[in-house]
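Visitor: Could you take me through this model, beginning with the ligand and then moving on to the sheet?

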Amino acid sequence: MKNFIKENPEIALELFRQMKMIRLTEEVIAEKYCEGKMRCPTHLCIGQEAIAAAVGQILRRDDFMVSSHRAHGHYIAKGGNLKKMIAEIYGKVTGCSKGKGGSMHLIDKSAGFLGSTAIVGGTIPIAVGLGLSIKLHKTDQVSCVFFGDGAVEEGVFYESVNFAVLKKLPVLFICENNLYSVYSNLSVRQPKGRKIYKMVQAIGCPSEYGNGNNVLQIYEKVKSVIELIRNGEGPFFFEFKTYRWREHCGPNYDNNIGYRNEDEFIFWKKRDPIHNFEKQILKESIISKNEIEEINKNALKEIKEAFEFAEKSPFPEQDDIFKYIYNGDGCM
Ligand SMILES: Cc1ncc(C[n+]2csc(CCOP(=O)(O)OP(=O)(O)O)c2C)c(N)n1
Ligand SMILES: [Mg+2]
């Protein structure tokens, strides 16, 4: 692990760039949210970027990915079009769901990002269905699904994992355990001592646990199983522990409303996946401070262009309200 950065500087820099891109994009969303022009709920993944960045870099463009309500990072890491994502959040016709879905309905088929939905657990069976289609088509693609610790409490989760195990489907399950489902800590939702990743082993799915704030650890763990999944060995499940910094839904901090506290937040902020990785890559001398500034500058330029595109784009026509819904056109 220690030499990974030196031996793989290109991968390390790409992981860093991706995490930065996700963080900066969401920081701009948070900053502009109060303008009232983004009228949809937004669930930010600030603090959780490492998982998306690592998995996104391992997957191929022709692999499939689906996600949940907290999907911006996953969409970006899979190569989803940024302009179309921001336009979608602004409800504009140029958005990836034609402005009808908002932040929780992202899709970019050309990048293999096949959707995110607001229904907790809703995309887990979709990922399994995609896995079944891959198997029937006999390709070596992978179907990856991101979901939270709360989604594990949905019945459909068990049916889906069971079916993937039974049929040996090429599904990569990624559980981002950020300790909370809205305002409820795991301790009030699941029995003491339960480990999610062990529970899925009991239903036949191989699994591992990891530090979701350590991008290299995530990269190495997922990389070590991806070929097995591609080669028809069946599904694999990862539980990565992490923490969302902002409120469940919206741009603010909420350490003062009673369900968690400032100390816990500070504990996790010290484990900032990006800041700590930045220190590592500087220490290994694969990048200079000026070059990091350049990465920030380039990312912010791309983000600014995406927001300008979104703001300038028109809203959907009122008469088109039902268009693209029932006629099978899809929403690309
Ligand atoms: C089926 C369903 N039940 C409840 C909700 C309300 N809800 C939205 S997000 C959420 C929390 C989900 O927690 P988790 O899966 O851990 O994801 P996180 O928000 O922590 O990323 C809930 C309960 C919903 N959208 N769908
Ligand atoms: Mg959660």
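Visitor: How far does a polar side-chain atom of His69 lie from an oxygen atom of ligand 1?
Guide: The model is a predicted one, and every distance here is computed from it. His69 is listed among the closest of the 15 residues that surround ligand 1, together with Arg70, Ala118, Gly150 and Asn178. A polar contact requires N or O atoms within 3.5 Å, and the separation between the polar side-chain atom of His69 and the ligand oxygen is 2.7 Å.

Visitor: Which residue has a side-chain N or O atom 2.9 Å from an oxygen atom of ligand 1?
Guide: A nitrogen atom of ligand 1 is 3.1 Å from a polar atom of Val120, but that atom belongs to the backbone. The side-chain N or O atom at 2.9 Å from a ligand oxygen belongs to Asp149.

Visitor: What percentage of the area that ligand 1 exposes when taken alone does the protein bury?
Guide: The shell around the ligand divides into 6 nonpolar, 6 polar and 3 charged residues. Taken alone, ligand 1 exposes 580 Å², and of that area the protein buries 72%.

Visitor: Which strands stand at the edges of the sheet?
Guide: The open sheet has 6 strands with parallel pairing, in the order β2-β1-β3-β4-β8-β7. Each edge strand has a single partner, so one of its sides is left without a neighbour in the sheet. The strands in this position are β2 (113–116) and β7 (207–211).

Visitor: At about what angle to β8 does helix α9 run?
Guide: Strand β8 (residues 236–241) runs parallel to β7 and is joined to it by 5 bridges, with Gly210 standing opposite Phe240. Helix α9 (residues 215–230) lies across both of these strands and also across β4 (171–177), and its angle to β8 is about 170°.

Notes
Residues are numbered from 1 along each chain as its sequence is written. Chains are lettered from A and ligands numbered from 1 in the order in which they are written. This is a predicted model: local features need pLDDT of at least 70, side-chain atom pairs count only at pLDDT 80 or more; totals for chains, interfaces and linings use all residues. Side-chain values use heavy atoms; hydrogens and water are left out. A residue is near a molecule or strand if one of its heavy atoms lies within 4 Å of it. A polar contact is a pair of N or O atoms within 3.5 Å; within protein, one must be able to donate a hydrogen and the other to accept it, and residues adjacent in sequence count only if both atoms are side-chain atoms. Accessible areas come from the Shrake-Rupley method with a 1.4 Å probe; for residues, only the protein chains shown count as cover. Ala, Val, Leu, Ile, Met, Phe, Trp, Tyr, Cys and Pro count as nonpolar, Asp, Glu, Lys and Arg as charged, and the others, Gly among them, as polar. Two strands pair if DSSP finds at least two bridges between them. Helices (H or I, at least four residues) and strands (E, at least two) are DSSP runs, numbered from the N terminus. Contact means heavy atoms within 4.5 Å. Axes are lines fitted to C-alpha atoms, for helices over the stretch in contact, and angles run from 0 to 180 degrees between N-to-C directions.
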